[in-house]
Amino acid sequence: MQPTPDFVPQQLAKSLLRRSRQGALATLMAGSGDPYCSLVNLASHPDGSPILLISRLAVHTRNILADNRVSLMLDERASGDPLEGARIMLSGRAERAENEKDLLQRRYLSAHPAAEAFVSFKDFSFFRIIPSGTHLVAGFGRIIDLKPEQFLTDLAGAEDLLAAEAGAVEHMNADHREALGLYATKLLGAAEGDWRCTGCDPEGLDMQDGQTALRLDFPERVTDGTALRKMLVRLAGEARAKVGQKAD
C-alpha cells in the first residue's frame, strides 16, 4: 500500500522511537535459530536508535551474543483496538556499548531512573540497536517500509549540542519545570503532570511523566547550546501565549 497524502511516515516513525519505553524484542535462539520474543525496556540514542540494558543471564542476551540480528516491535499503546494504533517493526543488529557507554547509560537512566540499581551489576550491559530498516503500519493505506536515514536523526554538525545536552537537561529539570509543563499541556495537548526533560537532540526535546513520554519537535534544526536556549525560550513564549488566548 502507498501512504495517503496527509500521512508523513518518517515523522511518525521518529515519534514512536522517541516515545516508546517498552517493546517486544525478537532474537534467534542460540544453537537452534528458533525465534524468541521478550518484553524489554528501552530508551533512545540522540539519533533515535533504541538503547537496551539487559543481563547476560537473560535468554535474549545470550541469543544476541551468539547472533546479534534482532527485531523490535513498538506500538503507540492507543486506547481501544490496539490494531488501530500505529506500530513499527524495526530490524537491525544489537551492539554492546563500547565508546558510547556513558551516553547510553545517561539517556537510559533518564528514561528509567529505577534501573540505576542494575547498572553496577556485572551481568548487565548496555546495547544499542543499529537499525537496518523499519516497517511502519498506521492503518489502512498507511503501511510503508523506511530506510534508516528516513527515521533516524542526522547528528552531523551537532557535536556542540550533544556536548551540552547533559547540562541542558539538568538545567531544565532544576530551573524550568514550569516551562516543561507548558510545553506538555499547551503545545502537545497532554494532561498536567510532573513533566521532566529526558533528552534533546537537533530535532526536538523528549519529556516524561512517569512512564508517559512526549516528543516536542523543533520547528527547525538546532546544533549548538546557544541555538537550543533560543529555541526553548521561543517555544515557552508560544506556550504562554496560548495560556493568554485561553484566558481571553
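Before we start, helices (H or I, at least four residues) and strands (E, at least two) are DSSP runs, numbered from the N terminus. This is a predicted model, in which local features need pLDDT of at least 70 and side-chain atom pairs count only at pLDDT 80 or more, while totals for chains, interfaces and linings use all residues. Residues are numbered from 1 along each chain as its sequence is written, and side-chain values use heavy atoms, with hydrogens and water left out.

Let me begin with Lys186, which lies in helix H7, residues 177–187. Its relative accessibility is 28%, so Lys186 counts as partly exposed, a class that sits between buried, under 20% relative accessible area, and exposed, over 50%, using a 1.4 Å probe and protein chains only. From Lys186 to Leu83 the separation is 103 residues in sequence and 29 Å in space, C-alpha to C-alpha.

Now to strand E7, residues 124–137, where 10 of the 14 residues are buried, so the strand is largely enclosed by the rest of the structure. Which strands pair with E7, given that two strands pair if DSSP finds at least two bridges between them? Strand E4, residues 50–55, pairs with E7 in the antiparallel sense over five bridges, and Ile54 stands opposite Ser125 of E7. Strand E6, residues 87–96, also runs antiparallel to E7, joined by 10 bridges, with Met89 opposite His135. Strand E8, residues 143–146, is joined to E7 by four bridges, again antiparallel, and there Thr134 has Leu146 in E8 as its bridge partner. E7 and E8 form a hairpin with five residues between the strands, in which Gly139 takes a positive phi near 115 degrees.

Key:
Pairing = 2+ DSSP bridges.
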